[in-house]
Amino acid sequence: VPRPPNLDPVTMAQTGFMVKRLLDMGRVVHLRSLGMKAEQLRFCSPRLTPECYLILASSLPADCTVST
């Protein structure tokens, strides 16, 4: 896919990560709609890797809390 001419590589990468987070949030919403406990968590500093988020889901009741 060609990059839009008005976006520099840094902006393109930042936009890509924002889109990825948005898609992951959609996955979390879907898991919750199935009755699961789900959340998106940062597991390390973005300085180490921009791929620093995960989706944590379980079949526990939605009113349970996950300790971090």
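Modeller: Buried means under 20% relative accessible area, exposed means over 50%, and partly exposed lies in between (1.4 Å probe, protein chains only). By that rule Asp24 is buried, with a relative accessible area of 18%. This is a predicted model: local features need pLDDT of at least 70, side-chain atom pairs count only at pLDDT 80 or more, and totals for chains, interfaces and linings use all residues. Residues are numbered from 1 along each chain as its sequence is written, and side-chain values use heavy atoms, with hydrogens and water left out.

Biologist: How many salt bridges does a search of the whole structure find?

Modeller: A salt bridge is a side-chain nitrogen of Lys or Arg within 4 Å of a carboxyl oxygen of Asp or Glu. The search of the whole structure finds two. In one, the side chains of Lys20 and Glu51 meet at 2.6 Å, N to O. This pair links distant parts of the chain, 31 residues apart: Lys20 sits in helix α1, Glu51 in the loop between β1 and β2. Helices (H or I, at least four residues) and strands (E, at least two) are DSSP runs, numbered from the N terminus. Lys20 is partly exposed at 39% relative accessible area, and Glu51 is partly exposed at 38%.

Biologist: Which side chain meets Asp24 in a salt bridge?

Modeller: That of Arg27, at 2.8 Å, N to O. Arg27 and Asp24 are about one helical turn apart, because three residues separate them in helix α1. Arg27 is partly exposed, at 45%.

Biologist: Now the strands. Do β1 and β2 run parallel or antiparallel?

Modeller: Two strands pair if DSSP finds at least two bridges between them. Here six bridges join β1 to β2 (residues 53–58), and the strands run antiparallel. Leu41 stands opposite Leu54 in β2. Strand β1 covers residues 37–42, and five of its six residues are buried.

Biologist: Is Gln40 buried or exposed?

Modeller: Gln40, in strand β1, counts as buried because its relative accessibility is 16%. Contact means heavy atoms within 4.5 Å. Not counting residues up to four places away in sequence, Gln40 touches Arg21, Asp24, Met25, Val28, Tyr53 and Leu54.

Biologist: Gln40 also lines the largest pocket. Which helix gives the largest share of that lining?

Modeller: Helix α1 (residues 9–33) does, with six residues. The lining also includes Pro46, Pro50 and Cys52.

Conventions: On a 1 Å grid over the protein atoms alone, a cavity is a set of points where a 1.4 Å probe fits but cannot get out, and a pocket is an open set with protein on both sides within 12 Å along at least five of seven lines; lining residues have an atom within 4 Å of a point.
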